[in-house]
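Q: I have a model open and want to learn how to read it. Where do we start?

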Protein chains: 4
Amino acid sequence: MTTNSNTPRKLRLAMVGGGQGAFIGGVHRMAARLDDRFELVAGAFSSQTERNLASAGELGVSEQRCYADYAALLAGEAAREDGAEVIAIVTPNHLHYPAALASLEAGFHVVCEKPMTLSVEEAEQLAQAAEQSARHFVLMHNYAGYPLVQHARELIAEGALGQLRHVQVEYIQEWLSEPPEADNRQAVWRLDPAQAGAAGCLGDIGVHAFQLAQFISGQRVSEVSAELVAAVPGRALDDNVQALLRFDGGARGMLWASQTAAGYENALSIRVIGEKASLQWAQEQPNELWFKPLNGPSQRLTRRNDWLSEGIGQGIRLPGGHPEGYIEAFANLYQALADGHRSGEYPVWLPGIDDGVDGMRFIAAAIASSQAASAWTPLHLSETEHIAGDAL
Amino acid sequence: MTTNSNTPRKLRLAMVGGGQGAFIGGVHRMAARLDDRFELVAGAFSSQTERNLASAGELGVSEQRCYADYAALLAGEAAREDGAEVIAIVTPNHLHYPAALASLEAGFHVVCEKPMTLSVEEAEQLAQAAEQSARHFVLMHNYAGYPLVQHARELIAEGALGQLRHVQVEYIQEWLSEPPEADNRQAVWRLDPAQAGAAGCLGDIGVHAFQLAQFISGQRVSEVSAELVAAVPGRALDDNVQALLRFDGGARGMLWASQTAAGYENALSIRVIGEKASLQWAQEQPNELWFKPLNGPSQRLTRRNDWLSEGIGQGIRLPGGHPEGYIEAFANLYQALADGHRSGEYPVWLPGIDDGVDGMRFIAAAIASSQAASAWTPLHLSETEHIAGDAL
Amino acid sequence: MTTNSNTPRKLRLAMVGGGQGAFIGGVHRMAARLDDRFELVAGAFSSQTERNLASAGELGVSEQRCYADYAALLAGEAAREDGAEVIAIVTPNHLHYPAALASLEAGFHVVCEKPMTLSVEEAEQLAQAAEQSARHFVLMHNYAGYPLVQHARELIAEGALGQLRHVQVEYIQEWLSEPPEADNRQAVWRLDPAQAGAAGCLGDIGVHAFQLAQFISGQRVSEVSAELVAAVPGRALDDNVQALLRFDGGARGMLWASQTAAGYENALSIRVIGEKASLQWAQEQPNELWFKPLNGPSQRLTRRNDWLSEGIGQGIRLPGGHPEGYIEAFANLYQALADGHRSGEYPVWLPGIDDGVDGMRFIAAAIASSQAASAWTPLHLSETEHIAGDAL
Amino acid sequence: MTTNSNTPRKLRLAMVGGGQGAFIGGVHRMAARLDDRFELVAGAFSSQTERNLASAGELGVSEQRCYADYAALLAGEAAREDGAEVIAIVTPNHLHYPAALASLEAGFHVVCEKPMTLSVEEAEQLAQAAEQSARHFVLMHNYAGYPLVQHARELIAEGALGQLRHVQVEYIQEWLSEPPEADNRQAVWRLDPAQAGAAGCLGDIGVHAFQLAQFISGQRVSEVSAELVAAVPGRALDDNVQALLRFDGGARGMLWASQTAAGYENALSIRVIGEKASLQWAQEQPNELWFKPLNGPSQRLTRRNDWLSEGIGQGIRLPGGHPEGYIEAFANLYQALADGHRSGEYPVWLPGIDDGVDGMRFIAAAIASSQAASAWTPLHLSETEHIAGDAL
């Protein structure tokens with residue numbers, strides 16, 4: 001279990017987005033609080049002034065540090081001696097890129113929601129900015145924060161499965177099976193290309209599934225053959241994604257993401273099959289990981305320090321049998337950022353810019369494939385082609 | 001529960017294949033025995049004389065009715081007043097077509113293993129023969145025999161799911177994850193194109209998954225985009241199949257069949273998602289069916305007469321909570337054949353020629369798609385194209 | 001998997017009870033048929049003449065060998081050269097003892113339903129008769145026929161759990177949660193002391209749970225503290241049994257049997273806890289057995305020859321992942337009887353007289369305890385006390 | 001989901017116990033932080049000065065407010081204008097009573113670990129103190145904080161199960177299956193009667209199971225027949241408890257608590273059976289609750305606002321499918337205390353003094369029963385008997 005080393009002081013956190021009625025902003029705040037390594041000091045919570053101020057009041061943020069937008073926030077906080085050090089960006093998709101870019105350029109650490117940007121180009125520009133910055137960029141692929149997901153990744157890296165053959169990942173939900181009510185803010189912006197970008201379900205949850213597949217398998221997707229549909233008539237964006245995958249290490253895979261899967265709540269799951277064994281994990285039962293050796297009994301691993309890989313204990317707060325969940329996994333990313341800030345070493349598993357660039361390439365390639373009758377489409381162009389500027 | 005009506009006499013059964021060391025022949029015999037509607041009277045169990053005779057002896061079949069091959073069997077039994085009435089064909093794949101064709105032409109009922117033939121052409125010729133015959137042809141898609149599979153089909157037909165959107169089916173096994181021992185007869189012929197045909201895993205289990213998807217959904221697959229691979233190096237046939245599906249009723253789907261899925265025994269499972277609810281069933285837990293309404297609690301249906309669709313009770317021998325398994329489901333096809341023979345009415349769910357023709361078209365289309373970089377490939381050509389003789 | 005050795009001929013089986021409308025008789029017949037080692041040649045299926053004859057007709061038993069009662073059957077069959085060799089007794093409880101006693105005395109093998117008799121005294125007299133007979137007596141504790149139950153027993157016998165500490169067993173059903181319909185023959189006799197004996201739920205299913213606990217643990221229950229109730233008002237017999245157990249090997253345990261457990265179908269399950277590991281098995285998922293080592297990942301064992309104890313393969317007909325169920329487990333007892341008859345060696349696990357005597361002692365002790373304010377009550381009196389004739 | 005109303009300020013929290021190396025203190029702190037309604041301002045974390053100061057430093061508590069013991073803490077904080085308002089007592093058992101009593105008498109709210117005291121007498125005295133106090137006393141029966149546990153309680157209260165018949169509860173762990181290492185502080189004090197009291201496993205987790213059974217069923221246990229053992233030789237206290245229960249509403253039940261259950265981590269589970277339906281919940285899968293109607297399909301309820309009982313939404317932070325766990329349930333008790341402090345109304349489900357008094361009576365009665373050969377022992381003496389001072 002975590003043994004707290006002395007915590008001299010908390011990191012100062014500011015938030016862009018996450019006003020009243022939003023969902024993920026509140027999760028960020030709980031996650032940041034859980035381990036007592038952050039304090040929320042400022043915010044630009046909403047573009048609507050009233051909502052913005054009300055949100056600040058509720059959250060104990062003073063009126064002076066409640067800003068009209070991210071630009072004002074960055075300027076205001078940069079000017080203070082006790083200014084924020086970390087900016088959490090929890091807006092709809094279209095603001096991720098400009099807010100993150102400006103935050104990095106202004107010298108802040110960034111915690112940013114996915115999808116990282118609206119295009120591969122933006123992603124690459126953000127990557128450049130991050131490289132030039134002395135600050136750390138965390139992309140909120142929160143499912144990587146589950147201890148057993150990290151353990152799965154370690155087991156594969158250590159060769160426990162042998163050569164990988166198949167990677168099956170899916171992320172399915174029912175919540176957009178019907179046209180949403182007009183006042184469902186979370187649903188409305190996700191279905192609007194102006195705010196969500198060119199990818200609907202693909203960008204909202206497909207990219208999580210993609211990241212998880214790469215994260216655990218340790219292989220990168222090189223090509224995709226996809227079909228995107230809007231199962232609910234009249235939608236401008238996809239709500240269902242089906243794809244075949246080829247990985248650079250030779251594995252084959254399939255990915256299914258859906259927001260029209262009646263009967264499923266938040267069913268992200270993955271199976272990785274190797275020549276010697278396979279692994280299976282599901283987000284809705286996150287405290288167990290199945291290790292299934294070829295020709296042997298399947299084993300149910302739980303979140304226990306005595307058999308988890310070295311170093312994963314960092315993110316475990318309770319003994320086995322005491323369920324940890326979504327918030328705890330989320331908090332592990334915040335914890336890793338804070339500990340990294342202090343020690344100067346960020347754990348290799350902490351999702352960041354590279355995940356974001358790959359995620360945007362996956363989105364672009366999947367859309368292109370779907371438009372080209374599911375033709376196999378590469379994610380990573382060769383240097384030459386890239387220079388030639390061919391659009392994905 | 002089944003109420004036995006008076007059984008005046010048992011149908012006389014002969015078997016082609018199924019000698020010592022085979023697997024599925026023994027299952028057919030147990031299934032035929034279970035409900036006391038058949039007696040095994042003759043066989044051509046093996047092409048090896050000694051094994052053939054030994055098998056007959058073990059099974060209580062007299063030496064005179066133990067034949068060298070199916071042709072001799074059909075001739076000999078046709079000549080007897082008390083000759084066999086039903087021929088069970090349980091050989092390796094390449095003999096299905098000739099044995100079934102000859103059996104039908106000689107006036108026997110047929111129970112045939114899948115895949116029905118080696119090609120679409122053979123399948124269509126067998127279909128013609130079956131149409132011209134007064135006898136019944138049963139294709140052993142045994143998973144259709146599970147009561148809850150039939151109930152799933154009924155629920156969808158009745159509209160309990162609304163318009164179907166997604167069909168996800170998979171059939172994965174681990175048993176060919178490594179090159180088999182030379183004396184593993186069941187494995188060896190399945191990996192030999194001369195006996196198995198052009199499809200490996202695809203023909204052995206992929207076609208079961210395909211049939212189940214069509215059987216339960218009530219929609220037919222119109223196009224497939226597939227990638228077949230041999231995950232174990234050096235194999236002449238596929239051992240892993242990944243495919244995207246388009247159904248004629250508008251649903252989209254995915255199919256995964258694998259015999260290199262370390263950690264999985266006989267994991268056939270299916271999910272059908274509609275606009276109002278979804279269904280989920282897995283062969284390894286066949287006594288439960290999940291009905292998952294949109295925005296409501298999931299329900300676990302079991303094999304109970306009081307809530308199953310009318311007519312499904314036929315194949316139920318035990319009250320809920322008393323597990324039935326693979327043999328019982330298998331036996332339901334034999335039972336349906338025997339009852340159909342007596343009453344003249346065969347249940348609509350009983351798999352037969354149409355399943356076989358579709359299955360062969362699926363196999364042909366999936367192979368063609370895989371060879372064409374996973375291009376979407378239709379299963380059913382228009383009449384004109386067909387006449388033109390374009391190969392799939 | 002079973003390799004059939006040459007079967008020269010089937011054992012001739014006669015049945016007492018099991019006429020139309022009965023449940024368990026049909027299960028016995030399917031079980032006896034499954035492996036082709038028995039043929040049903042005679043019966044006294046019902047005390048109602050019409051039902052008796054109709055049952056015989058349905059089952060292919062000739063009118064001459066359809067007898068009015070077990071006495072006539074035994075006389076008639078003993079007089080024939082081709083007479084029955086095995087008598088299956090599947091009547092309501094009160095006839096088990098007289099029919100079994102007469103069958104043994106007349107020189108037949110016996111397969112008898114539980115509870116074996118109505119009293120400890122009857123049980124002991126039957127034990128004496130069995131000892132003096134050259135025939136074999138099988139008590140239909142069918143759950144002992146599941147391969148994984150036998151494997152659990154072997155694992156414990158081999159010491160895989162270390163010293164046993166706790167044995168938790170339960171058998172719960174919902175089907176008597178309400179007063180039954182008058183025409184529910186199976187329910188009506190079970191609730192009638194004249195036919196069922198002094199124990200209701202206790203004798204019908206409690207005794208199965210008791211037998212399973214002793215069978216798997218290898219320890220015998222020495223004392224019981226029980227409370228029996230009729231949860232449904234007005235019942236003459238118990239429908240719910242709760243008991244604490246002390247085992248002669250030092251383990252402690254609990255037993256719950258109920259036929260008023262709304263929401264449960266046929267939920268027999270057991271956990272055995274030792275100092276090094278525990279085992280867990282549930283009848284409704286009979287194809288998996290959990291082995292749970294102290295401080296290690298739980299393992300899911302399935303019904304696979306490659307890891308089951310030597311000799312258990314006898315009763316396995318299918319590879320792992322192909323579910324076997326209730327009928328197959330039941331059939332394993334018939335198979336063991338037939339194979340024992342041929343070889344002269346009956347497997348040690350095959351339930352028989354000893355299970356029956358212990359079962360009746362458990363029933364008597366549980367009733368006595370319940371009547372004495374749940375006082376701890378021994379099952380096995382010392383010789384002296386026994387001679388003294390004190391009633392339990 | 002929770003909509004935060006304006007939070008003017010946080011409650012000031014002090015902690016007694018919970019220094020470095022302790023387990024539950026850290027959970028209290030995370031729980032108190034999660035919803036931002038508390039700030040930790042003072043503590044007496046350890047009786048060892050060095051550990052005490054180091055703990056304070058780590059937790060951001062100033063040296064002046066780090067006290068030598070609870071008496072000093074209460075005196076010091078009472079004297080400050082900005083003194084603590086709530087005392088969390090997270091010491092070994094023997095200090096619960098004196099610390100809680102003094103805290104109440106000094107005018108603080110109390111959050112206290114279980115078992116509440118070491119005896120019934122202490123419990124009743126504390127009850128008196130609480131009644132005379134204007135402050136609120138929360139007993140940390142944290143499992144009552146799970147939303148689905150509260151929903152189960154509501155369903156039963158509303159009559160969804162009809163008359164209750166059976167209540168089966170168990171809480172089993174493996175962690176004391178072997179003698180603990182000497183430096184395992186959490187284990188050592190639990191096995192020492194001087195610190196733990198007269199009950200080992202019974203007081204540590206048995207009392208949780210007892211509270212849960214009463215909490216959900218809405219019935220109180222009136223009598224118990226128990227057997228306590230030390231399965232590990234040489235222990236002064238019980239590590240395994242088996243009990244039969246009688247409830248004042250007529251239900252019967254069984255309780256099993258064990259810390260020597262190899263293979264189980266923190267397996268608290270409960271089933272409540274009524275005449276119309278039953279409920280089933282297990283702490284290790286806390287995000288699902290099974291509702292099992294008689295003769296109908298079982299339903300899997302999840303933690304979703306749209307079907308949970310009115311008012312339970314208070315403690316839900318995430319949509320269905322996003323797992324909440326142990327910390328979140330724990331936090332719900334803190335949240336309820338804070339909200340109750342503000343509004344003056346504490347929710348009826350919030351565990352407190354009454355749970356503690358009943359828990360101590362259960363412990364006393366179970367020990368007495370075990371010492372009297374499992375005789376049925378009442379929990380609640382009549383007034384007269386009580387006055388007579390008969391020891392339990």
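A: We start with a definition. Helices are DSSP runs of H or I, at least four residues long, and they are numbered from the N terminus. Keep in mind that this is a predicted model.

Q: Is helix α6 of chain B mostly covered or mostly open?
A: To judge that, count neighbours: a residue is buried if 20 or more other C-beta atoms lie within 10 Å of its own. Helix α6 of chain B spans residues 147-157 and is mostly covered. Of its 11 residues, 9 are buried. Among them are P147(B), L148(B), V149(B) and Q150(B). H151(B) and R153(B) are buried too.

Q: What do the buried residues of α6(B) pack against?
A: They pack against one helix and several strands of chain B. The helix is α9 (201-217). The strands are β10, β11, β12 and β13 (298-302).

Q: How do I read a nonpolar core?
A: Start with the general idea. In soluble globular proteins, nonpolar side chains tend to be buried together. Here the largest nonpolar core has 516 residues. The members that touch the most others are A366(A), A366(B), A366(C) and A366(D).

Q: Which residues does A366(A) touch?
A: Leave out residues up to four places away in sequence. A366(A) then touches L202(A), V224(A), A226(A), L228(A), V241(A) and A243(A).

Q: Now domains. How is chain A divided?
A: Look for the bounds, then the spacing, then the contacts. Domain 1 of chain A covers 11-140, and domain 2 covers 145-282 + 287-316. Over C-alpha atoms, their centres are 26 Å apart. At the boundary, 8 residues of domain 1 of chain A contact 10 residues of domain 2 of chain A. The domain 1 side of that contact has 4 nonpolar, 3 polar and 1 charged residues.

Q: What does UniProt list for residues 149-279 of chain A?
A: An unreviewed UniProt entry lists them as "domain: GFO/IDH/MocA-like oxidoreductase". In the model, the end C-alpha atoms of this span lie 10 Å apart. The span is 27% helix and 34% strand.

Q: How do I read a chain interface?
A: Count the residues on each side, then ask which elements supply them. Take chains B and A: 33 residues of chain B contact 33 residues of chain A. On the chain B side, β6 (164-172), β7 (221-229), β8 (240-247), β9 (252-258), β10 (267-274), β11 (277-282) and β12 (288-293) each supply at least two residues. The largest share, 4 residues, comes from β9(B). By class, the chain B side has 13 nonpolar, 13 polar and 7 charged residues.

Q: Which elements of chain B face chain C?
A: Here 27 residues of chain B contact 27 residues of chain C. Helices α1 (24-34), α2 (49-59) and α10 (326-343) of chain B each give two or more residues. This side of chain B has 8 nonpolar, 11 polar and 8 charged residues.

Technical notes
Residues are numbered from 1 along each chain as its sequence is written. Chains are lettered from A and ligands numbered from 1 in the order in which they are written. This is a predicted model: local features need pLDDT of at least 70, side-chain atom pairs count only at pLDDT 80 or more; totals for chains, interfaces and linings use all residues. Domain bounds come from an automatic or database domain assignment. Two residues are in contact if their C-beta atoms, placed from the backbone, lie within 7 Å. Ala, Val, Leu, Ile, Met, Phe, Trp, Tyr, Cys and Pro count as nonpolar, Asp, Glu, Lys and Arg as charged, and the others, Gly among them, as polar. UniProt positions are given in the numbering used here, feature names are shortened, and annotations may be inferred rather than shown by experiment. A nonpolar core is a set of buried Ala, Val, Leu, Ile, Met, Phe, Trp, Tyr and Cys residues joined through C-beta atoms within 7 Å. A residue is buried if 20 or more other C-beta atoms lie within 10 Å of its own, exposed if 12 or fewer, and partly exposed in between; C-beta atoms are placed from the backbone.
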